[in-house]
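This report walks through selected features of a single protein chain. Please look over the sequence and the model before reading on.

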Amino acid sequence: MAILKLIGETGPPLSFNADPGANLLDVLTRNGIEIYAPCGGNGTCGKCRIRTRNQGIVLACQHTITGDEEIILPSALEASILEFQHNHTFKYPVNPGECTQLSESPYGVAIDIGTTTIVLYFFDFSRESLVYISSILNPQQKYGADVISRINHCIQDAGGLATLHSELIRAINHQIRRFLSEHGLEEKDIVKVTFTGNTTMLHFLLKEDARSIAFAPYQPGFTQEQHRTGAELELASHNHAFIKVLPSISGYVGADIVAGLAALKPEDQIKTYLFIDLGTNGELALVTPDRHLCCATAAGPAFEAANISCGMAAVKGAISGYTEKGYQTIADVPPLGLCGSGLMDVISVLLDAGSISPTGELEQDFVIAPAADSGSGEAIRLTPADVRELQLAKAAVAAGISILLKSAGIDAASVDAVYLAGGFGNYIKKESAIRTGLLDQSFFEKIFPIGNASGTGALVALKSADFDSRVNSVLEQMQYIELSSDPDFITEYAMNMSF
Ligand code: FES
C-alpha cells in the first residue's frame, strides 16, 4: 500500500492510502479531491497537471502510483488559469505531419525556452495524448539573469555562443533522455520538436550570432520560422526528426509572443485586447479591430525578481503574496525569498502605509520576514534599491502600453480584456498591479492571467500543422513599434515613474 500526502493551498496536509499501480487522477477523484480534467482523463488537454515532490509536474490522468508520494495540489487560482487556457485556446485535430512515419511509437516534444525557465511538453502521437511536462531552470543563468548579460558573455568570450548553445542542448537532451528511459522509449521515437522562446534564446538554440540584438537598431540574425533535423541540432531524437522553431517579430518580440497570441482565442465579444508577457523582458501587444501593434519594453528582470536583493523565481518557498497581515509562500513553506508578485504586494502595502513615498523613496530596509522565520536563516527584506528597480520596470511597461494605445488612437477604457501571460501573471494581484501603476485603473475587471501562453502555442504547433495559418496571420497583421525611437516614449516613461 502506498501513502499519498496531499499538500493544498489551505488547511493541514491530508494523507490516504492508495494501491500501487492505481491511476493518480482516479485515486484523487475517489477521495473527493477535484482536479480540473476537461478531456476526461484522455491525456489530450494537459490541464490535470499537478506537482509531485519526487517527479515534478505530472499529468494526474497519465500518472501511475508506484510508491509513497507527496503531492502539491494546484491552488484555486492555478486551476482557474488552466480552465481559462483550455477554453481560450484554438483547437485543431492532431495533424503533426509525415514525421510520425519515422517511428512505430512516434512522440514529439514542444519546448518553450524562457530566459529563466525551460518547459518541455511530451506528446504521444499514437494515443494523441500529452503524457508528461517537465520544467527546469535555464542553465544559462550563470552567465546572467537577462538576455543582454548573456549576449555580453558572447561578446567578451569568443567561445561564449558555443557554450550557451551547448548548455541549452545538454539540458534539453537530459530531460528528453530521462523521459525516454522512464517510458521505455528510444531516441528514434522522438520525431518532431517545436520550439518557442524569446528571440535571443532561439539564436542561442541555433548557435546563431545574437550580438546585433543588443545594439540599435536591435536587428536579430533571423525572425523567420526555422527548420532543422534532429541530427543537425544534435538533439536526443530521431536523426530525421522535424525540428521547427517558430517565427519571431523582432529582436525583442519573440516566438513566445507570436505563439501565445496565435494560440489565444478570446471570447467573441472581446474585440480589443492587450496581451502582456512580463518575463525577463516586458513584451506587449495590442489587438484592435483595425490595428495589431506590439512593442517590447526594457523592463529588465524586476518582475521575475532577478535583480532584487532577496529576489527569487516563483518557485517553492518564494513569498508570492503579501498583505498587512503577513506573507504567503508558494507551497506554504518557510520563506526563502521574494518573487515578482510578492515584490509588487509588499510595495503596494508600503505605499498605502506611507512608508514609500509617491516618488519611490523608502528610508530604510523593510523586513518582510525576520531571520528566525525564514527558511534560509536570513531575514528577507526590501531595500530602497529594490523599490527603484521595480519603479523603473513598471514605468517602462506602463509607458509601452500608453504608446500602443496612442498609436491605435484609443484610450485605456476601450480595452475589453488584458491577458497576462507568463508565471508572473499567475500570481500577481490585480490590486497591486494597479496600486503600483503598472496597469491602468480601468483594467481592474478585465485582467485575465493565461499562464504559459508561449508553451501552449508550442504545444499546439507540435500537435498540428494547421496552426501555421494562425501563426502566419499574426505575423502578417502585427506591426512592431520600436519604443527607443518613438518620440513620445521618454515623456511617457517619466510620467509613469511615480507611484
Ligand atoms: S485530464 Fe486532460 S490531460 Fe489529463
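## Aromatic pairs

The model is predicted. It holds 11 aromatic pairs. One of these joins Tyr-92 and Phe-467, whose ring centres are 6.2 Å apart. The planes of these two rings stand at 65°, and an angle over 60 degrees counts as edge-to-face, so the pair is edge-to-face. Tyr-92 belongs to the loop between helix H2 (76-87) and strand S6 (107-113), while Phe-467 belongs to the loop between helix H12 (453-463) and helix H13 (468-477). The pair thus links distant parts of the chain, 375 residues apart. Tyr-92 is partly exposed, at 24% relative accessible area, whereas Phe-467 is buried, at 0%.

A second pair is formed by Tyr-419 and Phe-448, with ring centres 5.9 Å apart. Their planes meet at 35°, so this pair is tilted. Tyr-419 is part of strand S20 (residues 417-421) and Phe-448 is part of strand S21 (residues 447-451), so the pair ties together parts of the chain that are 29 residues apart in sequence. Tyr-419 is buried, with a relative accessible area of 2%. Phe-448 is partly exposed, with a relative accessibility of 28%.

## A ring cluster and a charge over a ring

Which residues do ring pairs link into a cluster? The cluster consists of Tyr-107, Phe-122, Tyr-132 and Phe-179.

The charged end of Lys-430 sits over the ring of Phe-444, at 5.2 Å from the ring centre.

## Helix H2

Helix H2 is made of 12 residues. From its first C-alpha to its last it reaches 16 Å, close to the 16 Å expected at 1.5 Å a residue.

The buried residues of H2 are Ile-81, Leu-82, Phe-84, Gln-85 and His-86.

## The crossing of H7 and H13

How do helices H7 and H13 pack, and at what angle? Their axes lie 9 Å apart and form an angle of about 115°. The crossing is right-handed. On the H7 side, Val-258, Leu-261 and Ala-262 make the contact. On the H13 side, the contact is made by Arg-470, Val-471, Val-474 and Leu-475.

Ser-250 lies in the loop between strand S11 (242-245) and helix H7 (255-263). What does Ser-250 touch, leaving aside residues up to four places away in sequence? Its contacts are Thr-199, Pro-220, Thr-223 and Tyr-480. Ser-250 has a relative accessibility of 7%, and the limit for buried is under 20%, so Ser-250 counts as buried.

## Backbone geometry

Most residues other than glycine have a negative phi, and most peptide bonds are trans. Several places in this model depart from that pattern. The peptide bond from Ala-216 to Pro-217 is cis, with omega near 5°. Pro-217 is in the loop between helix H5 (199-205) and strand S10 (226-229).

Lys-207 has a positive phi, near 55°, and is also located in the loop between H5 and S10. Its relative accessibility is 46%, and Lys-207 counts as partly exposed. Glu-234 likewise has a positive phi, near 55°. This residue lies in the loop between helix H6 (230-233) and S11. Is Glu-234 buried or exposed? With a relative accessibility of 61%, Glu-234 counts as exposed.

## Separations along the chain and in space

Gly-423 is in helix H10 (residues 423-427). It is partly exposed, with a relative accessible area of 41%. Between Gly-423 and Glu-98 there are 34 Å from C-alpha to C-alpha, and the two are 325 residues apart in sequence.

Pro-139 is placed in the loop between strand S8 (129-137) and helix H3 (147-156). Not counting residues up to four places away in sequence, Pro-139 touches Ile-118, Glu-167 and Ala-171. The C-alpha atoms of Pro-139 and Asp-468 are separated by 30 Å, and these residues are 329 residues apart along the chain.

Conventions. Residues are numbered from 1 along each chain as its sequence is written. This is a predicted model: local features need pLDDT of at least 70, side-chain atom pairs count only at pLDDT 80 or more; totals for chains, interfaces and linings use all residues. Side-chain values use heavy atoms; hydrogens and water are left out. Rings of Phe, Tyr and Trp (its six-membered ring) pair if their centres lie within 6.5 Å; planes under 30 degrees apart count as stacked, over 60 as edge-to-face and the rest as tilted. Helices (H or I, at least four residues) and strands (E, at least two) are DSSP runs, numbered from the N terminus. Buried means under 20% relative accessible area, exposed over 50%, partly exposed in between (1.4 Å probe, protein chains only). A charge sits over a ring if NZ of Lys or CZ of Arg is within 6 Å of the ring centre and within 35 degrees of the ring normal. Contact means heavy atoms within 4.5 Å. The expected span of a helix is 1.5 Å times one less than its number of residues. Axes are lines fitted to C-alpha atoms, for helices over the stretch in contact, and angles run from 0 to 180 degrees between N-to-C directions. A crossing is left-handed if the near helix is turned anticlockwise from the far one by less than a right angle, and right-handed if clockwise.
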